[in-house]
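The report below is written for a reader who is meeting this structure for the first time. Please keep the sequence and the model in view while reading.

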Amino acid sequence: MSASSPPIIELRRVWKVYHKGDAEIHPLEDISLAIDAGDFVALMGPSGSGKTTLLNLLGGLDTPSSGEVIVCGQNLGELGPRELARWRADHVAYVFQAYNLLPVLTAYQNVELPLLLAPLSRRQRREHARKALEIVGLADRMNHRPDELSGGQEQRVAIARALASDPEILLADEPTGDLDAHSAEEIMALLVALNRDFGKTVIVVTHDPKVARAAHRQLHLEKGVLARDIDTGGGRT
């Protein structure tokens, strides 16, 4: 990315406040940061530190109490619910700890499912779904249902589903949390490849130092505050 290019993500003095009875809860306090296109960032911190809240703000699933969240050149606070849903479909995709696959559908059908809402022909949907499954190494498993796949393969299908719409940003919330060590390593290698070879901006919430070491940058949150911002250089060629 050239020095003059704007960041793909920018937060300007972002606060998130919830009210519980008479108490105020501050999941995020005065967060300002910028993330460049093509970066690979690990969000770290103890439970309750605000990691998932921050990820949800970046993906437009939540809104800040104050401050600005600007992603892909769009101030998300300026969008209504329908506009925000369209914006999400065009720019970001999520991968969760739970695979959230429909058990009655094949891997191919699970990947194709969100594309049914896109303005694509049946042939285009088929091409997108097949390509996504090829990228994650499951072209030979596209007709298998989730109960016929391993946990690592299920997470690969979930990643393929996220990739099918060709998002600029991939947001992953503990994507290796339910996997054994070998499968976790395979999923992280896949995320690294998506970042390196396909230019995806990847942001991963994780407690696992091994996962975090694959990132270019580690953002450490503590009690809603950005405590450390470390450029690790991990994964860069």
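The text that follows takes up the pockets, then a sheet, and then the nonpolar cores.

This is a predicted model, in which local features need pLDDT of at least 70 and side-chain atom pairs count only at pLDDT 80 or more, while totals for chains, interfaces and linings use all residues. Residues are numbered from 1 along each chain as its sequence is written, and side-chain values use heavy atoms, with hydrogens and water left out.

**Pockets**

A pocket is an open set of points on a 1 Å grid over the protein atoms alone, where a 1.4 Å probe fits, with protein on both sides within 12 Å along at least five of seven lines; its lining residues have an atom within 4 Å of a point. A volume is the space filled by probe spheres set on the points, and helices (H or I, at least four residues) and strands (E, at least two) are DSSP runs numbered from the N terminus.

| Pocket | Volume | Largest contributor to lining |
|---|---|---|
| Largest | About 780 Å³ | α2, five residues |

Of the 23 residues that line the largest pocket, Arg88, Ala89, Val92, Pro114 and Ser165 lie nearest its centre. At least two lining residues come from each of α2 (81-91), β6 (92-95) and α5 (151-163). This lining divides into 16 nonpolar, three polar and four charged residues, where Ala, Val, Leu, Ile, Met, Phe, Trp, Tyr, Cys and Pro count as nonpolar, Asp, Glu, Lys and Arg as charged, and the others as polar.

In the second largest pocket, α4 (122-135) and α6 (181-198) each supply at least two lining residues, and the lining includes Glu127, His128 and Phe198.

**Sheet**

Four strands form an open sheet in the order β2-β1-β4-β5, with antiparallel pairing, where two strands pair if DSSP finds at least two bridges between them. Its edge strands, β2 (23-35) and β5 (74-75), each pair on one side only. Strand β1 (residues 9-20) is joined to β2 by eight bridges, and Leu11 has Leu33 in β2 as its bridge partner.

**Nonpolar cores**

A nonpolar core is a set of buried (under 20% relative accessible area, 1.4 Å probe, protein chains only) Ala, Val, Leu, Ile, Met, Phe, Trp, Tyr and Cys residues joined through side-chain atoms within 4.5 Å. The largest such core has 41 residues, of which Phe40, Val111, Leu133, Ile159, Leu170 and Leu191 touch the most other members. Helix α6 gives the most to this core, with seven residues. A second, separate core of 28 residues includes Leu28, Val71, Leu171 and Leu219.

Note on methods. Buried < 20%, exposed > 50% of the residue type's maximum accessible area, 1.4 Å probe, protein only.
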